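Me: I'm new to this one and would like to go through it piece by piece. Can we start with a single residue and move on from there?

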Amino acid sequence: MKILKIDEEKNISRVEITIHEGKNRQVRKMCETLGYSVLALHRSKIGEINVKDLKIGEWRYLSKREIENIKK
């Protein structure tokens with residue numbers, strides 16, 4: 001886990017968490033176990049596929065290289 005920003009006035013923080021296999025609501029449950037609540041989540045990658053520039057509801061076609069990597 002990497003702390004990206006702390007706002008002491010609002011009592012909130014922004015963190016980066018990397019997991020290798022996500023289960024249902026895993027990040028929220030992990031944070032809850034530590035006594036923290038999650039206000040928002042943003043997925044930046046799915047495997048080696050970068051999705052951080054996609055807006056909510058937006059999609060794109062996979063490149064041939066991405067498709068080949070998924071097949072491996």
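Me: Is Glu66 buried or exposed?

Reply: Glu66 counts as buried because its relative accessibility is 13%. Buried means under 20% relative accessible area, exposed means over 50%, and partly exposed is in between, with a 1.4 Å probe and protein chains only. This is a predicted model, where local features need pLDDT of at least 70 and side-chain atom pairs count only at pLDDT 80 or more, while totals for chains, interfaces and linings use all residues. Residues are numbered from 1 along each chain as its sequence is written, and side-chain values use heavy atoms, with hydrogens and water left out.

Me: Where does Glu66 lie?

Reply: In helix α2, residues 64-71. Helices (H or I, at least four residues) and strands (E, at least two) are DSSP runs, numbered from the N terminus.

Me: And what does Glu66 touch?

Reply: Not counting residues up to four places away in sequence, Glu66 touches Ile49, Arg60 and Tyr61. Contact here means heavy atoms within 4.5 Å. With Arg60 there is also a side-chain polar contact of 2.7 Å. A polar contact is a pair of N or O atoms within 3.5 Å; within protein, one must be able to donate a hydrogen and the other to accept it, and residues adjacent in sequence count only if both atoms are side-chain atoms.

Me: Tyr61 came up there. Which residue does Tyr61 form an aromatic pair with?

Reply: The count comes to one aromatic pair. Trp59 and Tyr61 form that pair, edge-to-face, at 4.8 Å centre to centre and 80° between the planes. Rings of Phe, Tyr and Trp (its six-membered ring) pair if their centres lie within 6.5 Å; planes under 30 degrees apart count as stacked, over 60 as edge-to-face and the rest as tilted.

Me: Are Trp59 and Tyr61 buried or exposed?

Reply: Both are exposed.

Me: Switching to the strands. How do β1 and β2 run?

Reply: They run antiparallel, joined by five bridges. Two strands pair if DSSP finds at least two bridges between them. Lys5 stands opposite Arg14 in β2. As for cover, β1 has six residues and the count of buried ones is zero.

Me: What sits between β1 and β2?

Reply: Four residues, which makes the two strands a hairpin. Asn11 is in the turn, with a positive phi of about 60°, although Asn11 is not a glycine. Asn11 is exposed because its relative accessibility is 69%.

Me: What about Ile19?

Reply: Ile19 is found in the loop between β2 (12-16) and α1 (26-33). Its relative accessible area is 33%, so Ile19 is partly exposed. Leaving aside neighbours within four places in sequence, Ile19 is in contact with Gln26, Val27 and Met30.

Me: Last topic. What volume does the largest pocket have?

Reply: About 1,800 Å³. It is lined by 39 residues, and Val15, Glu16, Ile17, Val27 and Leu41 are the closest to its centre. β1, β2, α1 and β3 (45-46) are the elements that give two or more residues to the lining.

Me: How is a pocket defined?

Reply: On a 1 Å grid over the protein atoms alone, a pocket is an open set of points with protein on both sides within 12 Å along at least five of seven lines, and lining residues have an atom within 4 Å of a point. The volume is the space filled by probe spheres set on the points.

Conventions
On a 1 Å grid over the protein atoms alone, a cavity is a set of points where a 1.4 Å probe fits but cannot get out, and a pocket is an open set with protein on both sides within 12 Å along at least five of seven lines; lining residues have an atom within 4 Å of a point.
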